[in-house]
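Please read the points below alongside the structure.

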Amino acid sequence: MIKRVFIILTVILASLINLYAQVGGVNTYGFLNLTITPRSAALGSKVVALDEPDQGVALFNPANLSSQLHNQLSLSYVSYYADIKYAFVTYSRHLDGIGTFGIGLQHVGYGDFIEADVAGQITGSFTGYDMAFHLSYSRSIDSLFTVGVNIKPIYSHLEQYTSYGIAADFGVAYHSRDGLSAAGIVARNVGTMLKPYTPDTWESLPFELLVGASQKLKHAPFRLVGTFQQIQTTSLFYQREDKSNSLFDDGQSSKPTLINRVGNEIVSHLILGVEFVPIKNFYIRGGYNFQRRNEMKIEERASTVGFSWGLGVKINKFFINYSRATYHLAGGSNHFSISTDLDDFFRKKNL
């Protein structure tokens, strides 16, 4: 019975592939796909499965919202490019026999813009921002499988233009009995605009289908994390004009072979991360995003574009995380977060 339910949910998620096929620059509310938490950013940007509880992973896959996150509060802040800043706050609570609930608020501020008339005369300034509320719920099917949903009312404002929308994430997660392995599949941003910025300018949301897994080594302090992003499309790889189109060849071939094209497409979907835990409550993380490096690098100086790294440590009652992801030679993004279990402040000490 459990296997049948899991198969049905997986088929439903996979069937959404036929409804959405575009990525990048053709959707509204693109901020919904921003990487917020430092842990996810350090591991390559998108993590949908982890063998230990983490509110940041639950943000991308609500099925990871487990009972172990009961009464936890987390705040994340990201210093992005120019004057763009965004933040997220979330709280989760578990109710026995019912499931685990989460509530959160995501806010992206784009800074101040110069306002000018049609003649180019500066008349003032204006601002823009996006917001999304997160209402999450997850429930265990049995000791191995969990399902979850995240409902996201959306509000967007730019100068005099405003828009409302609604989106939802649907996820399934698997955790092994030994606690070392995890896997997940999630359909993100299934929804629609409720009010467009201008009349009759309806746009689609940035739908994405992801599959991922993590594996903690039994006899070594390492965790391996892998995610396949945008699996609803088979045209993710960006081919550069008048240059080698392959991530595998030596740059001598002007037209990639079928094997190279298939290989390029596969790795463009792949995000890899590794986590090293040398001592308890101290984490060192690194990640590599193939698509980001291919699309954002400069051929003459690729540098560390596509790579990311981060640190995590528990100090007293707080988990503090930092990460940096390099998007381009122009710079990268800095991610900060602090989280705590509120029960630690009220739990009575044993005498």
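In this predicted model, Lys46 and Glu208 form a salt bridge in which the closest N and O atoms are 2.8 Å apart. Lys46 lies in the loop between H2 and H3 and Glu208 in strand S8 (residues 208-216), so the pair ties together parts that are 162 residues apart in sequence. Lys46 counts as buried because its relative accessible area of 9% is under 20%. Glu208 is buried as well, with a relative accessible area of 0%.

**Other salt bridges**

- Across the whole structure, a search finds nine salt bridges.
- One of them joins the side chains of Arg39 and Asp54, at 3.0 Å from N to O. Arg39 belongs to helix H2 (residues 38-42) and Asp54 to the loop between H2 and helix H3 (55-60), so this pair ties together parts that are 15 residues apart in sequence.
- Both Arg39 and Asp54 are buried.
- Arg39 also meets Glu275 in a salt bridge, with an N to O distance of 2.9 Å. Here the partners lie in helix H2 and strand S10, so the pair ties together parts that are 236 residues apart in sequence.
- Glu275, like Arg39, is buried.
- A network of salt bridges links Arg39, Asp51, Glu52, Asp54, Arg223, Glu275 and Arg285.
- As background, side chains of opposite charge can pair when their charged atoms come close.

**Ser308**

- Ser308 is located in strand S12 (residues 307-315).
- With a relative accessible area of 5%, Ser308 is buried.
- The side chain of Ser308 reaches the backbone oxygen of Ala41 at 3.0 Å.
- Neighbours within four places in sequence aside, Ser308 is in contact with Ala41, Ala42, Leu43 and Gly44, with Arg285, Gly286 and Gly287, and with Arg324 and Ala325.
- Arg285, one of these contacts of Ser308, is also a member of the salt-bridge network that includes Arg39.

**Helix H4**

- Helix H4 covers residues 258-269, twelve residues in total, and at 1.5 Å a residue these should span 16 Å. The end C-alpha atoms of H4 are 17 Å apart, which agrees with that expectation.
- The buried residues in H4 are Asn260, Gly263, Asn264, Glu265, Val267, Ser268 and His269.
- Among the elements that cover the buried residues of H4 are strand S9 (222-228), strand S10 (270-279) and helix H5 (290-296).

**Nonpolar surface patch**

- Leu75, Val89, Ile315, Phe318, Ile320, Ile338, Phe345 and Phe346 make a nonpolar surface patch of about 710 Å².
- Strand S13 (318-328) and helix H6 (343-346) are the elements that give two or more residues to the nonpolar patch.
- Phe346 lies in helix H6.
- Phe346 is exposed because its relative accessible area of 68% is over 50%.

- Glu159 has a positive phi of about 55°, although it is not a glycine.
- The position of Glu159 is in the loop between strand S5 (145-158) and strand S6 (161-175).
- Glu159 is partly exposed, with a relative accessible area of 25%.
- Asn281, a residue other than glycine, has a positive phi near 70°.
- Asn281 is found in the loop between S10 and strand S11 (282-289).
- At a relative accessible area of 26%, Asn281 is partly exposed.

**The chain as a whole**

- Six helices and 14 strands are assigned in the protein chain.
- The protein chain has 351 residues, of which 45% count as buried.
- Among contacts in the protein chain with a separation of 6 or more, 55% are between residues 24 or more positions apart.
- The accessible surface of the protein chain comes to about 18100 Å², and 61% of this surface belongs to carbon and sulfur atoms.

Definitions and conventions:
Residues numbered from 1 in each chain as written. Predicted model: local features only at pLDDT ≥ 70, side-chain atom pairs only at ≥ 80, totals over all residues. Heavy atoms only, no water. Helix = DSSP H or I, 4+ residues; strand = E, 2+ residues; numbered from the N terminus. Expected span 1.5 Å × (residues − 1). Buried < 20%, exposed > 50% of the residue type's maximum accessible area, 1.4 Å probe, protein only. Contact = heavy atoms within 4.5 Å. Polar contact = N/O pair within 3.5 Å; in protein donor to acceptor, adjacent residues only side chain to side chain. Patch = residues over 30% accessible without salt bridge, like charges linked within 9 Å, V, L, I, M, F, W, Y side chains within 5 Å. Areas by Shrake-Rupley, 256 points an atom, 1.4 Å probe, with all protein chains shown as cover. Salt bridge = Lys/Arg side-chain N within 4 Å of Asp/Glu carboxyl O.
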